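Please read it with the structure open alongside.

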Amino acid sequence: MSTIEAKPAGNDPESVNHGSDAHGDHDHDHPSFLAHHFETPEQQYDSGKLGIWIFLVTEVLFFSGMFCAYAMFRMLSPEVFEGCSQFLNTKLGAINTGVLLFSSLTMAWAVRCSQTEEYKKLTGMLAATLSCAMVFLGVKAIEYSHKFNMGILPAGFFQYDPAHPHIEDGPNYLMWLCLPFALFLVGIVVWLAVAFFQGDKFKVAVLKPLTVVALCFFVGVGLGMFLEDGSGESHAALHDEIGEHAVDDHLLDEPIDVLASSDHLSEEVTLGQTEYGVVERLAGDTTNSGLLGELNARAAQAEMATGSVILNKDGGVDATIHATPRDFLTPSRAGVFFSIYYCMTGVHAIHILAGIGVLIWLLVRSVRNDFNRQYFGPVDYVGLYWHLVDLIWIYLFPLLYLIR
């Protein structure tokens, strides 16, 4: 029953009869939207508001644990977090931030429309909020699939290789991420077609905006692909830079006598042309171990002065001074960062999915005109939840993407 029909709170005989029929043991004049254990709509609204705030406090405590883990691991290994954040696409994160901020605006507008009984606007604002959520997930699908294809995974599964940044013959992660949303879109379209031919106006009114909402996921995928391709050069430059460092690291780890062998003839030609040329020539004799050590130390100091990064793909423990502080792309170090990254953004995405579920429920009720000036609590409560989800992302974006 529409709450508009039941809006008179105290003097409508039909409302009185309805309340008496549904709750015969009560003498209260209850409209249909008022639960039998509440005296007034205001009491019901205040109780619901208290409940949603308590729920939001538990959500804040839940995410606080992850933020504390982030703070502790970053304090222990700041260079790992700064280095690994280079693998996160700032453009995608910034677009998603803008999308969520806009969704907060449409959600607040929806709350206002529910209070003023503007039902078409309410449905439109809820659909706009849902569309933003779908765009966010579409962009996130591109971001996740790109990292999966590169082997940038949580600790224990991390297998990124700078020499081969893209895993060949791997599964099509983007297809698997898009599959549930494609099935959702197909189901909505089929249901809409059936409802249209059956002449069910209510279902058509609900399913039309939901079709647009489902399509917006693929709009987000296209937007993410465009931004990812646009930043392909920067990513390629990053891979090339890391690959060069990997090669340099490989050469640096080799002893001078190996560099002086026939396999490194070109390097041999350059030896002797630097300020340490005489020392380098003398170090070609393997009996001059002291000169070999001095050259290795000078090379390490020069390499450290560039501020570049040395890679250690083996993931083993290396106690040498020149390697330990900077080799962050190991499963045990980079894996920690990406474990935190996937945990925090993944849990946030789950909250987005939960928000989509309750927003669809609100959209169905808005088409049914369930809300009015006395009963708009559900829209307000979901709005508070949605604002919290947006606020959490506002913290995640700079902490994960902008720490370089």
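The model is predicted, and its protein has 14 helices and zero strands. Of the 404 residues of the protein, 44% count as buried, while the accessible surface comes to about 20,400 Å².

**Overall architecture**
- Read from the N terminus on, the elements of the protein run α-α-α-α-α-α-α-α-α-α-α-α-α-α, in keeping with a count of zero strands.
- Among the contacts in the protein with a separation of 6 or more, 72% are accounted for by residues 24 or more positions apart.
- Carbon and sulfur atoms hold 65% of the accessible surface of the protein.

**Cysteines**
- The count of disulfides comes to zero, where a disulfide would need a pair of cysteine sulfur atoms within 2.5 Å.
- For C216, the closest cysteine sulfur is that of C132, and because the two sulfurs are 7.8 Å apart, they are too far from each other for a bond.
- C216 counts as buried, at 14% relative accessibility, whereas C343 is partly exposed, with a relative accessible area of 38%.

**Nonpolar surface patch**
- L101, L391, I394 and Y395 together make a nonpolar surface patch of about 370 Å².
- Helix α14, which spans residues 377-401, gives the most to this nonpolar patch, contributing three residues.
- Y395, a member of the patch, has its place in helix α14 and counts as partly exposed, at 48% relative accessibility, a value that falls between the limits of 20% for buried and 50% for exposed.

Definitions and conventions: Residues numbered from 1 in each chain as written. Predicted model: local features only at pLDDT ≥ 70, side-chain atom pairs only at ≥ 80, totals over all residues. Heavy atoms only, no water. Buried < 20%, exposed > 50% of the residue type's maximum accessible area, 1.4 Å probe, protein only. Patch = residues over 30% accessible without salt bridge, like charges linked within 9 Å, V, L, I, M, F, W, Y side chains within 5 Å. Areas by Shrake-Rupley, 256 points an atom, 1.4 Å probe, with all protein chains shown as cover. Salt bridge = Lys/Arg side-chain N within 4 Å of Asp/Glu carboxyl O. Helix = DSSP H or I, 4+ residues; strand = E, 2+ residues; numbered from the N terminus. Contact = heavy atoms within 4.5 Å.
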